[in-house]
Amino acid sequence: MERRSAESSGGRMEVSLMSSTRCSSFSPSSTWKPPVSLLPRPALLSLRSSSLCPFGPLSSSRDLLSRRHGERRVTVMSMEAGVGVMGTKLGMMTYFEPDGTVVPVTVVGFREGNIVTQVKAAATDGYDAVQVGYRRVRDRKLTKPELGHLEKAGAIPMRHLQEFRLQSVDGFEPGQRLVIEDIFKEGDLVDVSGNSIGKGFQGGIKRHNFRRGLMTHGSKSHRALGSIGAGTTPGRVYKGKKMPGRMGGTKTKIRKLKIVKIDSELRAVMIKGAVPGKPGNLLRITPAKIVGKNIPKN
């Protein structure tokens, strides 16, 4: 066995090389760098800014793991198929088609708002997006920075601000009001997202649709979760294991729902099916994404 030392920013490290018949002719050069797989974790963390690291200077241990697997961590916002609007869920009802077909629909109303408050361009912000405000509130409900941001766009005080990332922001300007009839038509498919109804702490049967055990014939396991993994190997519970826990109360999106009717007088839209949340919940409605048709494949 041959031992070789290497100096790093975190101290002195020793790496052992097992000599064998296949590598007996190996002769370390002056530029030899220890393989990453042979270094202990403290040594890996100390090589972030060292020239000994075979991947170059690292800013964090995550960069090391990403470069080891040939990937880079890049956070990319989801691009929309078109500008959308925000609305308020009013409830569900039954709608009858002219031919008598019964359709369950969700009625979405629109309060004062849906005004463009900011237009972001790739030259100044790094991406193209339109920021839209919704639901008018009193001035005292907002902070001074929020009021200044809205006054700069010439908009009224609004509670909610959301961005819609687009391929092009041509035709949008601050203070512009978005008209529902100009964006959506009856029969269009839309994606609706919002916060789902919170269910609290629930068990595996309600949360993950598990089956219960026998209630009779001497069974001792009824609604219990059961085994959650092996014993000595691996000796732990795998991440992502379906278990009891908090259910609901998270952002949920339902895709490709059909707009059944648009009522301009009542400022309401009827969407086929159910949408997240309870009556009074804030909804985000955007044109449905269809890859290759209204958004690029890449």
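Asp191 and Arg255 pair through their side chains in a salt bridge, at 3.9 Å from N to O; the term means a side-chain nitrogen of Lys or Arg within 4 Å of a carboxyl oxygen of Asp or Glu. Asp191 belongs to strand β8 (residues 189-195) and Arg255 to strand β11 (residues 251-263), so the bridge ties together parts 64 residues apart in sequence. Strands here are DSSP E runs of at least two residues and helices are H or I runs of at least four, numbered from the N terminus. Asp191 is buried at 1% relative accessibility, while Arg255 is partly exposed at 42%. Buried means under 20% relative accessible area, exposed over 50%, and partly exposed in between, with a 1.4 Å probe and protein chains only.

Bear in mind that this is a predicted model, where local features need pLDDT of at least 70, side-chain atom pairs count only at pLDDT 80 or more, and totals for chains, interfaces and linings use all residues. Residues are numbered from 1 along each chain as its sequence is written, and side-chain values use heavy atoms, leaving out hydrogens and water.

Now turn to Lys120 and Glu163, whose side chains meet in a salt bridge (2.5 Å, N to O). Lys120 sits in strand β5 and Glu163 in strand β7 (residues 158-165), so this pair links parts 43 residues apart in sequence. Lys120 is buried, with a relative accessible area of 14%.

Stepping back, the structure holds five salt bridges, and the protein chain has six helices and 13 strands. Of its 298 residues, 32% are buried.
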